[in-house]
Amino acid sequence: MDAERAPIAAPTAAMFDDDHASKALGVELLEAADGRALTRMRVTHEMVNGHSIAHGGYVFLLADTAFACACNSHGPVTVAAGAQITFLTPVHEDDVLYARAVERHTRGRGGIYDTTVFRGEPDSEIVAEFRGHSRSVESRKDGEA
C-alpha cells in the first residue's frame with residue numbers, strides 16, 4: 001500500500017502537524033489530496049469501554065480526522081459545521097481501523113463529506129459510516145481559525 005499512497009496536500013500536512021489530539025491517540029495520516037483522505041488508528045486498551053468494545057467517541061474521532069484532512073486538502077481553513085455517525089458493528093482492542101473520507105459536494109464555503117471506517121484494511125469490513133458538513137472560515141490574524 002505504501003507504494004500506492006497518494007501525496008499529502010500541503011494545507012492538510014500543516015493542519016495535521018498541529019493536531020495534537022489525533023496524534024496523541026495514535027492517528028496516522030496516510031493520504032490527503034483533492035478532497036480525499038485516509039487515516040489509520042489502532043484501538044488501544046485505554047479506548048475500550050465497560051462493554052469490552054471501543055468507545056464510539058474514538059471511532060468518531062478517527063472518522064472526523066479523516067474528514068478534516070479531506071476538507072482542508074484544498075487550502076482554505078475549513079472546520080466541521082456538523083457531523084453524524086452510524087456504528088454498524090462493534091470494534092475491539094487491537095483492531096486496526098482505517099477511515100477513508102471522500103468529498104461529495106461543495107458549494108460556496110460549505111461541503112459534504114462521507115467517511116467510511118474499516119477494520120483491518122482499507123475497503124474491507126465496514127464498521128461505521130460518518131457524514132460531515134464543512135464550512136470554510138477566514139484565518140484570524142494570529143494564524144488560527
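Is Arg-100 buried, partly exposed or exposed? Arg-100 counts as partly exposed, because its relative accessibility is 24%; the scheme calls a residue buried under 20% relative accessible area, exposed over 50%, and partly exposed in between, using a 1.4 Å probe and protein chains only. Before going on, a word on the ground rules. This is a predicted model, where local features need pLDDT of at least 70 and side-chain atom pairs count only at pLDDT 80 or more, while totals for chains, interfaces and linings use all residues. Residues are numbered from 1 along each chain as its sequence is written, and side-chain values use heavy atoms, with hydrogens and water left out.

Let's stay with Arg-100 and look at its partner. Asp-123 makes a salt bridge with Arg-100, with 3.2 Å between the closest N and O atoms. A salt bridge here is a side-chain nitrogen of Lys or Arg within 4 Å of a carboxyl oxygen of Asp or Glu. Asp-123 sits in the loop between strand 5 and strand 6 (125–136) and Arg-100 in strand 4, so the pair ties together parts that are 23 residues apart in sequence. For the element names, helices (H or I, at least four residues) and strands (E, at least two) are DSSP runs, numbered from the N terminus. Asp-123 counts as exposed, because its relative accessibility is 54%. Its backbone is worth a look too: phi of Asp-123 is near 65°, a positive value in a residue other than glycine.

Asp-34 does something along those lines, with a positive phi of about 55° although it is not a glycine. You'll find Asp-34 in the loop between strand 1 and strand 2, and it counts as exposed because its relative accessibility is 67%.

Back to the charged pairs. The salt-bridge rule gives a count of six. One of them joins Asp-95 and Arg-119, with the closest N and O atoms 2.5 Å apart. Asp-95 lies in the loop between strand 3 (78–87) and strand 4 (96–107), and Arg-119 in strand 5 (residues 110–119), so this pair ties together parts that are 24 residues apart in sequence. A network of salt bridges links Asp-95, Arg-119 and Glu-125, and the side chains of Arg-119 and Glu-125 are joined by a polar contact of 2.8 Å. A polar contact means a pair of N or O atoms within 3.5 Å; within protein, one must be able to donate a hydrogen and the other to accept it, and residues adjacent in sequence count only if both atoms are side-chain atoms. Leaving out residues up to four places away in sequence, Arg-119 touches a list of residues including Pro-90, His-92, Leu-97, Ser-124 and Val-127, where contact means heavy atoms within 4.5 Å.

Arg-104 counts as exposed because its relative accessibility is 51%, whereas Asp-114 counts as buried because its value is 16%.

Tyr-113 is also in strand 5, and it counts as buried because its relative accessibility is 2%. A polar contact of 2.8 Å joins its side chain to that of Glu-103. Tyr-113 and His-133 are 20 residues apart in sequence, yet 6.4 Å apart in space, C-alpha to C-alpha.

Now for the nonpolar side of things. The largest nonpolar core has 27 residues, and those with the most contacts inside it are Val-59, Leu-62, Val-91, Leu-97 and Val-117. Such a core is a set of buried Ala, Val, Leu, Ile, Met, Phe, Trp, Tyr and Cys residues joined through side-chain atoms within 4.5 Å. Helix 3 gives the most to this core, with eight residues. Leu-62 touches, among others beyond four places away in sequence, Val-27, Met-41, Leu-97, Tyr-98 and Val-117.

Finally, the largest pocket holds about 250 Å³ of space. A pocket is an open set of points on a 1 Å grid over the protein atoms alone, where a 1.4 Å probe fits, with protein on both sides within 12 Å along at least five of seven lines; lining residues have an atom within 4 Å of a point. Grid points are joined across faces, edges and corners, and the volume is the space filled by probe spheres set on the points. The lining has 13 residues, with Met-15, Asn-72, Val-77, Thr-78 and Val-79 nearest the centre.
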